[in-house]
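Here are my notes for you to read with the model open on your screen. Take the points in order and look up each residue as you go.

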Amino acid sequence: MTTEQLISFARGAPSLDIVDVEGLKAAAVRAFDADPAGITAYGTSVGYPPLRKWIADKHGVSADQVLVTNGSLQADAFLFDYLVQSGDAVVVERPTYDRTLLNLRNKGGQIHQVTIQPDGVDTDELRKLLESGVRPKLAHIIPNYQNPAGVTLSLAKRRALLDLAAEYGFTIFEDDPYADIRFRGEALPSMLSMDDKGVVVHASSFTKTVCPGVRVGYLVGPAPLIADIAKRATNLYISPGMVAQAIVHQFCVSGDIDRSIQTVSTALGERASLLATALREHIPGVRFTEPDGGYFLWIELPEGISADKVFVAAAERGVAVVKGSDFLLEGGEGALRLAFSAVTVDQIEEGVRRLAAAVEAVRG
């Protein structure tokens with residue numbers, strides 16, 4: 001199966017047609033014109049200072065509360081490395097991002113998965129877990145258009161989580177790279193902005209709003225925590241990529257970022273709607289919560305259909321998906337994650353037809 005023939009619902013990345021290549025080229029020229037000395041030198045472990053300030057202003061915090069990193073996955077890794085020791089309890093969502101599971105397993109964390117509902121993580125289930133005596137160092141939460149489930153944490157649950165973190169003494173790690181990719185519904189305040197007790201550390205990224213190749217993410221938290229992690233970052237790599245961060249800074253201050261977000265959100269909204277319609281038409285019995293934003297849709301296959309078998313049958317028919325079991329410690333045998341970000345409108349119907357044929361082949 002050649003690349004041209006493959007239709008991939010596997011990768012959470014934007015297709016090239018919605019990346020503002022011309023805007024990025026112009027931002028690169030401006031970056032080198034404005035600050036050639038700053039962006040060609042080593043720089044500082046906290047990131048490119050003008051971008052650090054722009055991020056701080058966006059979130060209404062001081063610059064010393066921001067660390068700019070090589071993608072938000074590195075922000076995650078820094079925080080896990082700082083907070084989680086082998087044997088420490090950590091809470092994650094069920095399902096959750098597969099690399100979060102991998103990184104926390106590698107740290108030796110005792111992972112507790114708490115069920116996701118259509119309005120986000122089940123805070124009653126979390127309270128029962130805490131009342132049973134579990135004392136997590138952190139709870140990793142993806143509040144907006146969650147990867148992989150596509151759901152959004154309600155305002156009431158955001159408040160409940162903040163209360164639980166204050167009561168039981170754990171950090172909420174608000175991992176929020178999808179927040180700006182909203183195609184319907186109202187934007188909800190971040191838990192960072194609602195936090196008056198210092199229990200939230202927030203991470204985000206320009207991967208979903210600009211492009212993955214820039215590898216620019218960031219961490220926002222209490223200044224002492226950021227300073228401690230910055231010392232570790234200095235020892236690890238002296239400084240992150242100044243050139244990429246300076247380009248992103250120029251892209252942001254020019255307002256190109258707002259246009260890019262609008263382009264991506266509009267395109268992905270259309271794709272998500274077409275995907276949902278095609279799934280309902282071609283795979284009777286499939287269940288899912290249609291997302292209000294982001295990159296992903298999580299489907300429960302019809303009763304008795306194995307995702308492992310569908311995965312293989314789909315690949316044979318030239319369509320790539322990700323198995324639900326990748327995002328869980330156990331379970332997910334009947335679920336798939338579909339990313340609609342990299343498929344163009346003309347591929348979606350055909351991709352779902354192929355997936356439906358794979359389901360029928362397994363049903364056999």
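1. Start with the rings: Trp54, Phe206 and Tyr218 are linked into a cluster by ring pairs. Keep in mind that what you're looking at is a predicted model. Across the whole structure, a search turns up 9 aromatic pairs. One of them is Trp54 with Phe206, a tilted pair with 6.2 Å from centre to centre and 45° between the planes. Its two partners come from distant parts of the chain, 152 residues apart: Trp54 belongs to helix H3 (residues 49-59), while Phe206 is in the loop between strand E8 (200-205) and strand E9 (217-220).

2. If you wonder what the two numbers are for, a pair of aromatic rings is described by the distance of the centres and the angle of the planes.

3. Trp54 has 23% relative accessibility, so it counts as partly exposed.

4. Lys323 lies over the face of Phe311, and the distance to the ring centre is 5.1 Å.

5. Next, find Asp20, in the loop between strand E1 (7-8) and helix H1 (21-34). Its relative accessible area is 18%, so it counts as buried. What does its side chain reach? A polar atom of the Asp20 side chain lies 2.8 Å from the backbone nitrogen of Gly23. The side chain of Asp20 also makes a polar contact of 3.1 Å with the side chain of Arg259. Leaving aside residues up to four places away in sequence, Asp20 touches Phe251, Asp256 and Arg259.

6. Arg94 and Pro95 are joined by a cis peptide bond, with omega about 5°. Pro95 is in the loop between strand E3 (89-94) and helix H5 (98-106). The bond from Asn147 to Pro148 is cis too, and its omega is near 20°. You'll find Pro148 in the loop between strand E6 (138-141) and helix H7 (155-168).

7. Last, which residues have a positive phi without being glycine? Arg215 is one of them, with phi about 50°. Go back to the loop between E8 and E9 to find Arg215. Its relative accessible area is 38%, so Arg215 is partly exposed. Ile238 also has a positive phi, near 65°, and lies in the loop between helix H9 (223-237) and helix H10 (242-253). With 42% relative accessibility, Ile238 counts as partly exposed.

Conventions
Residues numbered from 1 in each chain as written. Predicted model: local features only at pLDDT ≥ 70, side-chain atom pairs only at ≥ 80, totals over all residues. Heavy atoms only, no water. Helix = DSSP H or I, 4+ residues; strand = E, 2+ residues; numbered from the N terminus. Buried < 20%, exposed > 50% of the residue type's maximum accessible area, 1.4 Å probe, protein only. Polar contact = N/O pair within 3.5 Å; in protein donor to acceptor, adjacent residues only side chain to side chain. Contact = heavy atoms within 4.5 Å. Phe/Tyr/Trp six-rings, centres within 6.5 Å; stacked < 30°, edge-to-face > 60°. Lys NZ or Arg CZ within 6 Å of the ring centre and 35° of its normal.
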